[in-house]
Every structure is written in C-alpha cells, then in structure tokens.
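Subject: Two-chain model, handover and findings

Hello,

Here is the model for your files. My notes follow below it.

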Amino acid sequence: MGAIITLGILGILILYVGLYKAKNALLPVTLLGLVVTLGFLVSDWQKEALPLYNGMVIFDHLALTFSILCVLVTGLILLLSKEYFNRISSNVAEYYSLIIFSLLGAILVNAYHNFAMLFIGIEIMSVALYILVGIRKNDLASNEASLKYFLMGAFSTGFLLFGIALMYGASGTFDLAALQTYVATGTDISPIFYAGILLVLCGLCFKVGVAPFHFWTPDVYDGAPILITAYMSTVVKIASFIGFLRLFSEVLVPLDSFWTPVLLTVIIITLFVGNISALMQSSFKRMMAYSSVSHAGYMLFAIVAIGATSASSILTYATAYALASIVAFTALILVKRKTGSDLFESFNGLAKRNPWLAAVVTVAMLSLAGIPLTAGFIGKFMMFNNVMGNYHVVLLVLAAINAAIGVYYYLRVVVSMYFKTENENAGSDLPIPTNYKIVLTLAALLTIIIGVYPDCLIGLL
Amino acid sequence: MTIFTKNPVHSVLYLVITFFTLTIHYILLNAQFLAVVNFIVYMGAIMVLFLFVLMLLNLNKESEPMKSNLVKIIGAIAGMCLIATLLGAFRVLEPSNEMVAAHADIGLVKNLGKVLFNEFLLPFELSSVLLLTAMVGTVLLAKKDVKKA
C-alpha cells in the first residue's frame, strides 16, 4: 500500500520539480522515490498477505516479486533516460512523471484483487503509455504509433470491460475471492460467465499483444522512442501477464476445459506469426517487436499449463526477457546514434569498434534465443517443463521448432557484429556514457548469474 | 433512422432521440443516476462533440471510403456470429434476477455514493491518478501547436 501512495506522490512531486525548472534534481528525485517504493515493497514481504481496502488489492508474494521486478526495470530504464529524453524534447519532467504513473498502474495490475482495480490499473498504465508513445510530437511515425495504440487500446479496454460486466452479471461480484467460490461451488455457471471469460481473454490478449490481436505491436514498437519501447515491452508486458495469471490461476482454474483450447490456439498462432515475421525483418527494432510477440506466446505456456510452478516460471522468463530487452534496446540507442538507422547493417563490425558492447549484446541475444548458461535458457526450460508436465506434446514440438527459428534471427545480429565489416569506414569508436555502461554491465551480469544459478530467483515464489 | 439516413448530421440527431428514449427507460427502471449521467454526458457532451467532428470533417460522397462487397459481407457475417453467440448466452438467462429485484432502489444516487465511498474508495481515489495522467498528457501533446506558431 505504501508503494502505491509513494508512487502517486512521487509523480506529482516530479511535476512540481519540473515546474520550478530544477532539471538536475529530476533524476535523483525519481530514483530516490523508486528506492523508497522498493523499500515499502520489500518490507511487505514478511507480512501476511491479506486483501486490503475491502478486498481491493492484495500484496502477496506474487504481487510483491513482480512489483519489485517492475520497479527495478523501470529504475534501469530511467537511468538510461537522462540524456535520451533531453535530446528528443524539452518536457523532461512530464516523461518522468508519466513513467512513474504508468508504473503505478503496473503495480495495481500486479496486486489487484478486484476487477475494478484491474481495470483502473490497466487504464492508468495504458493512458500514460499512449502519451509516452506519441512523445516525439514532430515525428510522424511516433504520432501514428500513438494513435494506433490509442485506438487499439480503447478497443481492448472495451472488450475487457464488457467481459468484466458479463462476469459480474453472472456472479454478482467483482471480488476475486468471491468469484473463486462462485466458480468452485456453482454447478450451474451461467453461460454469460463463459462469454465474459472469452471477452476478458480477448481484452488481455490485446494488452499483452499475442497473435490474433498483435497487429498494433510492430507499428507501435517501431514508432515509439526506443526507451519507451523498452519500457513497454518489459514492464507493461510483465504486469499484464500477472493480471492474466492471477485471474486464471485464482479464479478460472476449474473451468480450464473451456478456455484451454482457446488459449492453445492463440499460443500456436502467436508463436508462428511472431517468429516467422521476425525472420523477415530487416530492422532491428521491428525484429524485437515481433520477437516480443513470440515471447508473449512462450509466456502464455505458463497459463495453459497452470500449476504451482507457473508463477515462478513466468518470473524467470520475464526477468530474463526484460534484462535482455533492455540490453538490446540500449545497444540500439547507441548504435543508432552513430549510424542513424536501426537496420541490422548498422550493427556491422561492432565487434571491432567496440568489443565490449558487442559482447554484452551477444549475451542478450543468446539469452533471448534461449542458449544455456543465460537466463533465457532457464526461462524457456521452465516454460517447456510446465507444458511437458501436462502432456501437451504437440505444443511442445511446435514450440521447439519456433525456438529454433528464433535462434536464427537472434544470431543474425551476432553474426553481423562479429563477421561483417563496416560498409563505410566510420573510424572512430562510438562513445558510451557511464550510465549506459553501468546499466549494460548490470543487466548482462544478471543475465549470466540467473543463467548459472537460477535458484536465487525460483526460490522466491 | 440513425443508420439509414444519408445525411450524417441528421443521423446524429436521430441518435440523440435514441439516447433520450434510453434515458426515459432508465428513469422508468428507477435508476436516477444512470438517467442523469446518460442525459448529461451522452446527449449533451458526446453528441455535441459528434456534431462538431462531423462539421469539421465535412463528409461527402467523394471522400467516403469505398468498401468492397466482400468486406461488407465478411463484416456482416462476423457481426452476426457475435450477435448469435451473445444472444445465445442471454437467452438462457432468467429475466428476473433476484439480486436486482431485492434492491428496488439500487439505482438511486444515495446508494451509489455509499458504495463509492465505502467499498470502492480505493479505486475511486486512484481514478484521480488516471485523470491526472490524462490531463498531463493532454497538456503535453497540445502544447506543440503553441510552440510551432
């Protein structure tokens, strides 16, 4: 609870700091606020998890771990953002406060215990993002992305809300615990409840961006400023997944014969569409967008094969994915600054110019592809293990094929860094600011540490 | 009438009538709050917005996007499927829900306030954050025009 209040106040405080033109104080204040939030979250760890405020929010271990993850990832992204935002616009304070508000929404989604909170959380998260995506006001791509995201987001919200309304109509409650008893005890579950499940599923699938509803992802990820893309593909995606997981694992498990086929279809389409489209891309950023679609598909494995290990496997996978994405997008910022394009070719010869950066990006790519000794491998392994336990053999085979496709396009980046020479002799190596160095090293190290010693993460849940 | 009128402005005006009858329904169902909100927000604000947008867009025959028949048919089939599914779900419902029937005055403003400030206090307060976010965003995005000029 303290975390929510802190973030709310922090956002407003940042707006005031911006008002008084104290630009240098912005980043320290924001980071300090995040640290305080983190403190509140960690201190809640030992407490018994009870639904607070008439069952509106619950800070159990699931919510806490993922909130901590979200806060940490946001912190990393904010560390990178200082000069990046200064470059693209003058209203830096608003960026910080919008990101903080969006984080607040993400935490609400992590910790919701009532559909009203889920809805408000998702809305806060997305409304802030609609604006952040369109933050480069003079850039047509950014405007287009923002508008598309807004329209799609409005549609998905509509689906979600209609679904929630139908579920309420059937059960007469918004509360997850009450819904749980309704589903568990009721032999006569009303048909509108099923319609509600489907619509909520649609709405949430929009938000996490899986296949039949993924059309906004590439354009939006492409048009948004790179750091916002990084934020969207990590924090927002993680939070939406937890919303998904909490609803399905706490409430809808008894009805799994109803929604499992739907979700299976969604996953298979997602994997193929995501991976095959990623294969076709020539732009690194679009490749990352499609790969995020396919990663969303992998993360859905945990929901299809729901069980005791679902939460921890999503945690591992999401952490691995978030760390690797941050590294990838940071590298893209640096490379783009140098070459001015985000095609694969701009990575050519990076190993010669800057061996260290190339090495870090390689670690990230290997992690995304799921090569052993990186965090991504552990994440994929746990996901596949889940599915194996439920004997979805066909799904497993398809997933393995897709993982193989994935290796190809991730390694393309590595190949162009190490084995291709630069087209024109640019000469000078690209300078890397210290904060970028810190974030990159931290993320790469964590990736390897989790890859070698995954128990530190799995043991949490 | 809303759908079949050729003139978009007339169409909007017919929509206002539809909403007005809907409001009367709400009053008949003893739902004051919904009626008032429907009256003010939908008929007042949103319809005026619609009219403004229509006038700004200046729709006419030439600028109308042409849709192929195939798209129309596919759209119709998809829409019908959705309607059939939802109707199928609604059909099995017993029309009188004992929850609603037990609280005849559930739609009064007084009850709404009680619920809003007791049970749903937290979401209510947090929606202020949502509005603040939207406000910051609007100002941020709208400022562009001032700068450019």
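Chain B first. Buried residues make up 9% of its 149 residues. (A residue is buried if 20 or more other C-beta atoms lie within 10 Å of its own, exposed if 12 or fewer, and partly exposed in between; C-beta atoms are placed from the backbone.)

Some ground rules. This is a predicted model: local features need pLDDT of at least 70, side-chain atom pairs count only at pLDDT 80 or more, and totals for chains, interfaces and linings use all residues. Residues are numbered from 1 along each chain as its sequence is written, while chains are lettered from A and ligands numbered from 1 in the order in which they are written.

Chain B, continued

Chain B has six helices and zero strands. Its pattern along the sequence is α-α-α-α-α-α. (Helices, H or I with at least four residues, and strands, E with at least two, are DSSP runs numbered from the N terminus.) Of the contacts in chain B with a separation of 6 or more, 53% join residues 24 or more positions apart. (Two residues are in contact if their C-beta atoms, placed from the backbone, lie within 7 Å.)

Where the chains meet

On the chain B side, 23 residues are in contact with 28 residues of chain A. Helices H3 (69-91) and H6 (121-148) of chain B each supply at least two residues of that side. H6(B) gives the largest share, 14 residues. By type, the chain B side divides into 17 nonpolar, four polar and two charged residues. (Ala, Val, Leu, Ile, Met, Phe, Trp, Tyr, Cys and Pro count as nonpolar, Asp, Glu, Lys and Arg as charged, and the others, Gly among them, as polar.)

Chain A overall

Chain A holds 19 helices and two strands. Its radius of gyration is 21 Å, close to the 23 Å that the globule rule gives for 461 residues, so chain A is as compact as a globular protein of that length. (The radius is taken over C-alpha atoms; the rule is 2.2 Å times the number of residues to the power 0.38.) The C-alpha trace spans about 75 × 55 × 40 Å along its principal axes. Of the 461 residues, 57% count as buried. Residues 24 or more positions apart account for 79% of the chain A contacts with a separation of 6 or more.

Confidence: the mean pLDDT of chain A is 81, and 95% of its residues reach 70 or more.

The largest nonpolar core has 190 residues. (Such a core is a set of buried Ala, Val, Leu, Ile, Met, Phe, Trp, Tyr and Cys residues joined through C-beta atoms within 7 Å.) A:Cys70, A:Leu108, A:Ile326, A:Val327 and A:Val361 touch the most other members. Helix H13 (residues 310-339) of chain A supplies the largest share of this core, 18 residues.

Is H13(A) enclosed or open? 25 of its 30 residues are buried, so H13(A) is largely enclosed by the rest of the structure. From first C-alpha to last, H13(A) reaches 42 Å, close to the 44 Å expected. (Expected span is 1.5 Å times one less than the number of residues.) Just after H13(A), A:Gly340 takes a positive phi of about 80°.

Best regards

Conventions
pLDDT is the predictor's confidence in each residue, from 0 to 100.
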